[in-house]
Structure formats: C-alpha cells, structure tokens
Amino acid sequence: MIPLKPLGRWLRPGLLLALSVFLTGCSSAILDPKGQIGHDQKTLLITATVLMLLVVVPVIIMTLAFAWKYRASNTKARYEPKWSHSTAIEVVVWSIPCMIVLVLAVLTWRSSHSLDPYRPLESETKPVVIEAISLDWKWLFIYPEENIATVNEITFPVDTPLNFKITSDSVMNAFFIPQLGTMIYSMTGMETKLHLIANEIGEFPGMSSHYSGAGFSKMHFTAHSVTNEQYQQWLAKVRAESSTLDKEAFAALVADRNHDWHPVTYFGSSEAGLFDWVIAKHMGNNQHYGMDHKAMSHEGHEMPAGEHEGHDAAAAPAGAAAADHAEHTADEHAAAGHAGHAGSGE
C-alpha cells in the first residue's frame with residue numbers, strides 16, 4: 001500500500017500542471033467586455049470582490065498563522081485557557097465588516113439605478129430598435145424600423161445604442177450577450193426591455209442562459225458589431241431576400257422545434273405589429289390576467305342572461321357616472337405610473 005503523504009507529493013505537481021493547461025484555454029467573456037454596460041459591470045464585480053477579500057484574505061492568513069503559532073510542538077506559545085474576551089478584537093471583528101457592508105450597500109444602490117436594463121443609454125446617435133422573440137430553440141429578431149427580420153443573428157453599427165424589446169412565444173428563456181452585459185428574461189405575454197451598446201467592432205456570442213429543454217444548449221446566436229457602411233450593406237443583403245415574415249412564416253418557425261442549432265435565416269420584409277401580436281395572443285380574452293370574466297351577481301354567482309340585461313338597464317345612469325369616475329381615475333393612475341417609471345426608461 002502506498003503511503004498517502006508520498007502519494008500526495010507525487011500527484012501535486014501533476015495536478016498543478018493539468019490545471020494550468022486547462023486554464024490556458026479559458027477566456028471569460030464577462031471579464032472581457034466590449035461595451036459600456038459590460039465595462040461598468042466588470043468594474044462593479046471586481047470592486048465587490050476586492051472589498052469582500054479584505055475580510056476573507058486576513059481571516060485565512062490569521063487562521064494559518066494561529067494554527068502554526070499555537071501548535072502542540074511550540075512550547076513557547078502563551079497558554080491562556082481561561083481567556084474569553086478582548087475589546088480590541090471585538091472592535092476589529094465588527095467595525096471592518098460593517099464598513100465593508102456599508103460600502104457594498106452604496107455600490108449596490110447606485111449600480112441598481114445606473115445599470116437598470118430598462119434605462120435608455122445617453123447618446124447623440126439614434127438607437128437601433130430590435131424586437132427579440134425566443135422560440136424552441138432559436139431566437140427570432142425583428143427590426144421594426146427597417147422592416148426586416150432574422151433568425152439567430154443580429155447586426156448593428158458600433159457605438160450605437162441598442163434598444164431591445166424581448167418576449168417569448170414558448171417557455172421562459174434568458175437573453176444574454178455576455179461581452180455586452182446584462183442578462184434579462186423573455187416571458188410569454190410580457191415585454192421586457194434591455195439597452196446595450198458595443199464600443200468595439202467584432203463578433204460576440206449570444207445565448208439563452210436559462211434551461212428550456214433538450215435543444216437549449218444549441219440556442220445561441222451571433223451579434224455582429226460593424227461600421228455604419230457595413231451595417232447598410234448588411235441591411236441591403238437582408239432586404240434582397242424574397243421571404244416575408246408574416247403570421248404563416250412565424251407559425252412555420254414555431255412548428256420547427258429543432259433540437260439542433262437552427263441556421264441563420266433572413267426575411268426581406270416583416271409584417272408590421274408582429275411582436276405585439278405575439279404578446280397579445282398569450283394574454284387570453286382578458287388583456288390583464290388572461291381570464292374570461294363572466295357577469296357575476298353581488299353574491300358571487302353567475303346571473304341569468306335576462307336578469308343580467310335587466311340589471312344593466314336599471315343601473316345605466318349609475319353606470320355612466322361610474323364610468324366617468326373610472327376613466328378619470330384611470331387617467332390619474334396612468335399619469336402617476338408614467339411619472340414613476342420615467343427614471344428607468346419606461
């Protein structure tokens with residue numbers, strides 16, 4: 001039987017070599033940002049990590065130092081079996097973590113607002129609007145202002161804000177371009193928003209970072225950041241395609257439940273309002289809850305049709321007044337809601 005200590009000494013260099021070889025092929029997209037949002041998130045991540053290491057590293061060092069100093073073989077170490085309290089240690093142990101938590105709280109508060117995905121980016125350049133719809137298992141992108149659509153590929157000019165409107169026609173997914181920053185979910189019957197920008201020319205991998213089925217691992221796309229001239233050439237290339245993205249073409253895409261990567265597809269034209277139609281078709285008869293409300297009596301029971309009509313006729317004057325009041329209240333709520341979301345880009 002091989003002793004454990006010699007075996008460990010023999011295996012340690014091999015493990016270190018294998019780890020070094022493994023890490024040489026790793027490149028974290030999050031730590032290699034190509035856009036302003038990605039840079040800000042990288043700075044926040046590194047800052048938060050360093051602040052937490054201010055506690056972790058000294059604790060590890062002191063643990064090793066104390067274990068060495070007060071080892072059984074060190075007879076010169078001071079032995080105080082009845083020691084139980086030190087004011088100096090209590091001050092250090094509580095004050096430093098409290099200060100770090102306070103700094104982290106300020107960073108979290110500020111970054112939560114400055115990096116709000118719904119907040120439009122400040123720029124003198126007109127943004128490019130892209131409507132993203134997650135399907136099984138591919139991404140459909142609609143350029144409403146350009147009247148084109150693509151599958152599993154987007155192209156945009158460098159240093160230009162990107163305004164994404166995101167929804168899903170199937171299960172929940174997550175839209176993520178790691179080198180540009182910020183992941184956000186796509187959900188049926190809902191619209192989420194995301195604002196990004198690329199400060200460098202290049203190709204950036206995009207993905208669904210949320211598990212959604214057997215073909216989920218192949219649900220990726222490529223984001224191309226190009227010059228304005230190249231962007232116009234790409235638009236002309238897509239518009240040259242004869243295919244049109246309408247409801248029938250959309251239904252064909254949905255029916256193609258690919259478990260492998262779907263090839264890049266271009267649509268030279270796109271039916272107007274298709275993105276809103278995809279959202280609306282998952283909301284049911286009731287536009288707020290997706291429920292079909294029936295006429296109910298005050299006791300909570302369904303009323304017969306004739307009785308319901310008589311009740312409506314009798315309550316017409318009061319109903320008119322209530323409608324006026326409801327309309328006035330709705331206007332107030334709409335104004336308040338708009339003001340409340342103004343800071344986040346709503």
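Some questions and answers on this model follow.

This is a predicted model, where local features need pLDDT of at least 70, side-chain atom pairs count only at pLDDT 80 or more, and totals for chains, interfaces and linings use all residues. Residues are numbered from 1 along each chain as its sequence is written, and side-chain values use heavy atoms, with hydrogens and water left out.

Q: How many helices and strands are there in the protein chain?
A: Helices (H or I, at least four residues) and strands (E, at least two) are DSSP runs, numbered from the N terminus. On that basis the protein chain has 8 helices and 13 strands.

Q: What share of the residues in the protein chain is buried?
A: Buried means under 20% relative accessible area, exposed over 50% and partly exposed in between, with a 1.4 Å probe and protein chains only. Of the 346 residues in the protein chain, the buried ones make up 29%.

Q: Which element gives the most to the lining of the largest pocket?
A: A pocket is found on a 1 Å grid over the protein atoms alone, as an open set of points with protein on both sides within 12 Å along at least five of seven lines; a cavity is a set where a 1.4 Å probe fits but cannot get out, and lining residues have an atom within 4 Å of a point. The largest pocket has 16 lining residues, with Q36, I37, D40, S114 and L115 nearest its centre. Helix 2 (36-69) and helix 3 (87-114) each supply at least two of the lining residues. The top contributor, with 6 residues, is helix 2.

Q: What is the volume of the second largest pocket?
A: Its lining has 11 nonpolar, no polar and no charged residues, where Ala, Val, Leu, Ile, Met, Phe, Trp, Tyr, Cys and Pro count as nonpolar, Asp, Glu, Lys and Arg as charged, and the others, Gly among them, as polar. Among the lining residues are L54, F66, I89 and P97. For volume, grid points are joined across faces, edges and corners, and the space filled by probe spheres set on the points is taken. That gives about 270 Å³.

Q: How far apart are the end C-alpha atoms of helix 4?
A: The expected span of a helix is 1.5 Å times one less than its number of residues. Helix 4 (residues 228-239) has 12 residues, so it should span 16 Å. The model agrees with that, at 17 Å.

Q: Which residues of helix 4 are exposed on the face turned away from its buried side?
A: Y231, W234, L235 and V238 are buried in helix 4. They cover an arc of only 100° around the axis (using directions from the axis to the C-beta atoms), so they sit on the same side of helix 4. The face turned away from that side carries E229, Q233 and K237.

Q: What is the relative accessible area of F267?
A: F267 belongs to strand 12. Beyond its neighbours within four places in sequence, F267 is in contact (heavy atoms within 4.5 Å) with residues including I148, V151, V238 and L253. F267 counts as buried, and its relative accessible area is 6%.
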